[in-house]
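Me: I have a model open and want to learn how to read it. Where do we start?

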Amino acid sequence: MTIDSRGRYRLSSTKPQRPLVAHITAAVLAAAVAGCASHHHSTTALPPQTCRAVVPDPEPQLLWISPTATRDRHALSDWCATVGPVLYYRRPPSELPAVMDRLAVITWNVHVGFGDVRELIRRLQSGQYTGGEGIQHFVLLLQEAYRRDGGVPARTSLRMRLPARIGARHLSKRGADIDRFVTDERLSLLYVPSMRNGGDPDAAEDRGNAIVSTLPLDSPAVIELPFEHQRRAAALAVVEGRTRAGSGWRLAVVDVHFDTALALTRGGPLSARRRQAAALIDALAAAPDDMVLGGDLNAWLGSREPALKLLRRAFPEGNDHATTTWKGPLGLHASLDHLLARGRARLLSVARLPDRLGSDHYPVMGIIEF
């Protein structure tokens, strides 16, 4: 499989292969996963890397989807070697019956520990955002979650400039890392590190996307996006349950954070994010029809951003607003964070929540009605 000039995943014509559609369908439906690896960016073609391991729950097998273009492949491999393994807790230790007609889904860039996720959950459960009616079950799509230690390499021999640290070195000035947080809160987790958070060997950290839920997370997958400025890897999992009337439902959730690349020699930042959006859409083409996608899209042009236009065509349900979701220095602000859906996943009451809770981004919440 290769990626064309627009960043889309395409099958190679050098030998017969199963369609990509079949691969993703099999993975997301937890069928024939083992047969998928050889047709994508094969792990056997690369030296073993800690970042491709899964801890502490290695089963079911994680599906790993990567571009195979040489430019992407080598850069992604180098960056991957600087982070720790995927962190996966399939089900909460105290699982509640998944019987509901509505599910809250929130996307939020937590700014590497500055966003108070515990307070967000407290407010959800108390009904502060829903007119006094508490939220029992939720899925959080978090960007810039971080992990301290936990298999993150203390040092790397690669001759590359590591990403600068975001946040204070001392954990007392930030919230708990994602592993400690979900263990304390007794939640499910799929954490996919994208890059290292600074190069300090005495405080080894990585940062990336985390799906956190009160429900079990099944059929986990990692989708590495075409390399632009920094490594970006989307996380995918599936949650399921029953309505109060007894009807079953199954929902795929995707957490993504697009790049801030300048990409001056490749069409500029708009083209870079458009390539990542096109590749992500192709990779998700045969996942379950019912899907919610959330993330920090770095869509600095708002509704005119090419990447956002592509995603809205593929995910017609969702927020279509110009509300500020990020505030920076000198009065800078933008609508960067979006929640989108497709299939029977109807997003009701999509709105920016009123407080940033310590982050530089506001959470965006939608209610899925089954």
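Me: What covers the buried residues of helix H6?
Reply: A word of caution before that: this is a predicted model. Now the case here. H6 spans residues 306–314, and Ala307, Leu308, Leu310, Leu311 and Arg312 are buried in it. Their cover includes helix H5 (269–283), strand E13 (291–296) and strand E17 (337–342).

Me: On to sheets. In what order do the strands of the open sheet of 8 strands run?
Reply: The general idea: strands of a sheet pair through backbone hydrogen bonds, either parallel or antiparallel. Here the order is E3-E5-E8-E9-E7-E6-E19-E18, and the pairing is mixed.

Me: Which are the edge strands?
Reply: Look for strands that pair on one side only. They are E3 (54–56) and E18 (346–352). On average, neighbouring strands of this sheet are turned by 25° against each other, direction ignored.

Me: Take one pair. In what sense do strands E5 and E8 pair?
Reply: Antiparallel, over 3 bridges. E5 covers residues 86–89 and E8 residues 188–196.

Me: Which strands do helices H3 and H4 lie across?
Reply: H3 lies across E6 (102–109), E7 (138–148) and E19 (364–369), at about 165° to E7. H4 lies across E5, E7, E8 and E9 (205–213), at about 5° to E5.

Me: At what angle do H3 and H4 cross?
Reply: Roughly 30°, with the axes of H3 (residues 117–126) and H4 (residues 178–185) coming within 11 Å. Angles under 35 degrees count as roughly parallel, so H3 is roughly parallel to H4. The crossing is right-handed. Val117, Arg118 and Ile121 of H3 make the contact with Arg180, Phe181, Asp184 and Glu185 of H4. By class, that contact has 3 nonpolar, no polar and 4 charged residues.

Me: Last, a single residue. Is Gly84 buried or exposed?
Reply: Judge by relative accessible area: under 20% counts as buried. Gly84 has 0%, so Gly84 is buried. Gly84 sits in the loop between helix H2 (70–80) and E5.

Me: Which residues is Gly84 in contact with, leaving aside neighbours within four places in sequence?
Reply: Thr50, Cys51, Arg147, Gly151, Val152, Pro153, Pro193 and Asp206. Take Arg147: 63 residues separate it from Gly84 along the chain, yet their C-alpha atoms are 8.7 Å apart.

Definitions and conventions. Residues are numbered from 1 along each chain as its sequence is written. This is a predicted model: local features need pLDDT of at least 70, side-chain atom pairs count only at pLDDT 80 or more; totals for chains, interfaces and linings use all residues. Side-chain values use heavy atoms; hydrogens and water are left out. Axes are lines fitted to C-alpha atoms, for helices over the stretch in contact, and angles run from 0 to 180 degrees between N-to-C directions. Helices (H or I, at least four residues) and strands (E, at least two) are DSSP runs, numbered from the N terminus. Angles under 35 degrees count as roughly parallel, over 145 as roughly antiparallel, 65 to 115 as roughly perpendicular and the rest as oblique. A crossing is left-handed if the near helix is turned anticlockwise from the far one by less than a right angle, and right-handed if clockwise. Contact means heavy atoms within 4.5 Å. Ala, Val, Leu, Ile, Met, Phe, Trp, Tyr, Cys and Pro count as nonpolar, Asp, Glu, Lys and Arg as charged, and the others, Gly among them, as polar. Buried means under 20% relative accessible area, exposed over 50%, partly exposed in between (1.4 Å probe, protein chains only). Two strands pair if DSSP finds at least two bridges between them.
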